[in-house]
Amino acid sequence: MWLLALALLAGLLLVRGWRRERQTVPGLCEKHVLITGCDSGFGNRLARQLDGRGLRVLAACLTRDGAEKLRAAASPRLQTVLLDVTSSQSIAALAAWVRERVGDQGLWGLVNNAGIAIPTAPNEWLTKEDFVKVLNVNLGGLVEVTLSLLPLVRRARGRVVNVASVMGRVSFFGGGYCPSKYGVEAFSDSLRLEMRNFGVKVSVIEPGYFKTMITNVENLENNFLSIWEKLPKEIKESYGESYLKQFVSSLKLMQKGYNSDLSLVTDCMEHALTSLHPRARYSPGWDAKLLYIPLSYLPSALTDAVFALFYPKSVG
């Protein structure tokens with residue numbers, strides 16, 4: 001009897017959750033959404049996806065070529081703007097441009113998607129400047145863009161969607177990428193609490209490994225080789241060339257597990273922007289749900305043991 005009652009209660013909760021998930025915000029066609037990093041990957045696809053749904057998309061691209069190609073693939077509603085998230089001047093110009101377009105209505109959605117992963121390598125191979133280059137884009141740029149546009153988002157009682165990564169939950173390779181994504185998680189958590197009373201909802205997207213320019217194996221391999229060539233002799237001898245070769249081989253092995261269906265990520269972004277009840281976190285990708293997120297809850301000794309199985313072996 002108790003088991004039947006529990007099963008019935010669980011079923012009712014699932015149905016309630018399913019219904020809540022599918023309730024959408026009214027008047028979407030009147031709402032403006034700004035997306036950064038729209039030259040390619042998630043940002044480009046999301047811009048076209050939201051444009052197809054009728055929202056007023058403001059797409060920020062790094063290059064003119066990227067902006068032109070996106071405009072050609074979208075409706076006349078979609079507008080593009082050039083943005084370098086590492087430049088305060090560029091961000092200030094963006095904020096003024098957005099204010100002109102949204103007016104008193106405010107900005108419904110801000111999607112901080114722009115990001116890079118290179119330079120990346122074992123930490124000892126890198127310099128402070130290598131870390132800063134990635135942190136300036138993935139974290140510093142995201143924070144400054146958010147602070148510049150937050151008054152407009154508050155006016156609309158809208159949404160902030162920050163793209164982090166499963167590497168903001170577990171970290172098993174060096175460079176600025178993982179620290180930057182941990183930072184995105186922390187910034188988003190504090191912002192979500194601060195914006196609660198203003199009616200602004202903040203969501204974090206934590207994708208697993210998807211096939212984008214960030215995970216392009218050829219670019220990553222060239223990055224490793226370039227950094228290796230600049231290393232002092234002592235470090236090269238400590239790690240050994242076999243370490244480098246194993247690292248490159250592991251990249252090619254991981255490539256086989258990359259997910260090429262970017263819609264899994266952009267559907268989560270769209271839900272965070274259009275649902276009456278968005279989630280605080282979305283983890284698209286089978287690897288995120290079944291591997292990385294569960295690992296993030298385990299003791300560090302266990303996660304270290306798992307990742308060590310796939311790590312290259314040094315000669316030193």
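## A tour of contacts, charges and hidden spaces

With a relative accessible area of 9%, P312 is buried. As you explore, please keep in mind that this is a predicted model.

### Charged partners

Let us turn to the charged side chains. How many salt bridges does a search of the whole structure find? The search finds eleven.

R281 and E185 meet through their side chains in a salt bridge, with 2.8 Å from N to O. This pair links distant parts of the chain, since R281 sits in strand β7 (residues 281-282) and E185 in helix α6 (residues 177-195), 96 residues apart. Are the two partners buried or exposed? R281 is partly exposed, with a relative accessible area of 25%, while E185 is buried, at 5%.

The side chain of R281 also meets that of E206 in a salt bridge, here with 3.1 Å from N to O. E206 lies in the loop between β6 (201-205) and α7 (217-229), and R281 lies in strand β7, so this pair ties together parts that are 75 residues apart in sequence. E206 is buried, with a relative accessible area of 0%.

E237 forms a salt bridge with K233, and their closest N and O atoms are 3.9 Å apart. Both residues lie in helix α8 (residues 233-239), four residues apart, which is about one turn of the helix. K233 counts as exposed, because its relative accessibility is 62% and the cut-off for exposed is over 50%.

| Salt bridge | N to O distance |
|---|---|
| R281 and E185 | 2.8 Å |
| E206 and R281 | 3.1 Å |
| E237 and K233 | 3.9 Å |

### A buried lysine without a partner

Now look at K31, in the loop between α1 (2-21) and β1 (32-35). K31 is buried yet has no salt bridge. The nearest side chain of opposite charge belongs to E30 and is 9.1 Å away. What does K31 touch, not counting residues up to four places away in sequence? The answer is V25, P26, L55, R56, Q105 and W108.

### Empty spaces

Rolling a probe the size of a water molecule over the atoms shows where empty space is left. The second largest pocket holds about 170 Å³ of space. Its lining is made up of R192, R196, G199, V200, K201, V202, S203, P278, R279 and A280. Strand β6 gives the most to this lining, with three residues. Sorted by class, the lining of this pocket has four nonpolar, two polar and four charged residues.

There is also a cavity to look for. A search of the whole structure finds one cavity of 30 Å³ or more. About 40 Å³ of space lies in the largest cavity. The residues that line the largest cavity are T36, V85, N112, N113, A114, V137, G141, L142 and V145. Which helix supplies the largest share of this lining? Helix α5 (residues 128-156) does, with four residues. By class, the lining of the largest cavity has five nonpolar, four polar and no charged residues.

### Two details of the backbone

Finally, two spots along the backbone deserve a look. The peptide bond from I118 to P119 is cis, with omega near 10°. P119 is found in the loop between β4 (109-112) and α5.

The other spot is R157, in the loop between α5 and β5 (159-163). R157 has a positive phi of about 50°, although it is not a glycine. At 48% relative accessibility, R157 counts as partly exposed.

Terms used
Residues are numbered from 1 along each chain as its sequence is written. This is a predicted model: local features need pLDDT of at least 70, side-chain atom pairs count only at pLDDT 80 or more; totals for chains, interfaces and linings use all residues. Side-chain values use heavy atoms; hydrogens and water are left out. A salt bridge is a side-chain nitrogen of Lys or Arg within 4 Å of a carboxyl oxygen of Asp or Glu. Helices (H or I, at least four residues) and strands (E, at least two) are DSSP runs, numbered from the N terminus. Buried means under 20% relative accessible area, exposed over 50%, partly exposed in between (1.4 Å probe, protein chains only). On a 1 Å grid over the protein atoms alone, a cavity is a set of points where a 1.4 Å probe fits but cannot get out, and a pocket is an open set with protein on both sides within 12 Å along at least five of seven lines; lining residues have an atom within 4 Å of a point. Grid points are joined across faces, edges and corners, and a volume is the space filled by probe spheres set on the points. Ala, Val, Leu, Ile, Met, Phe, Trp, Tyr, Cys and Pro count as nonpolar, Asp, Glu, Lys and Arg as charged, and the others, Gly among them, as polar. Lys and Arg count as positive and Asp and Glu as negative; His and the chain ends are not counted. Contact means heavy atoms within 4.5 Å.
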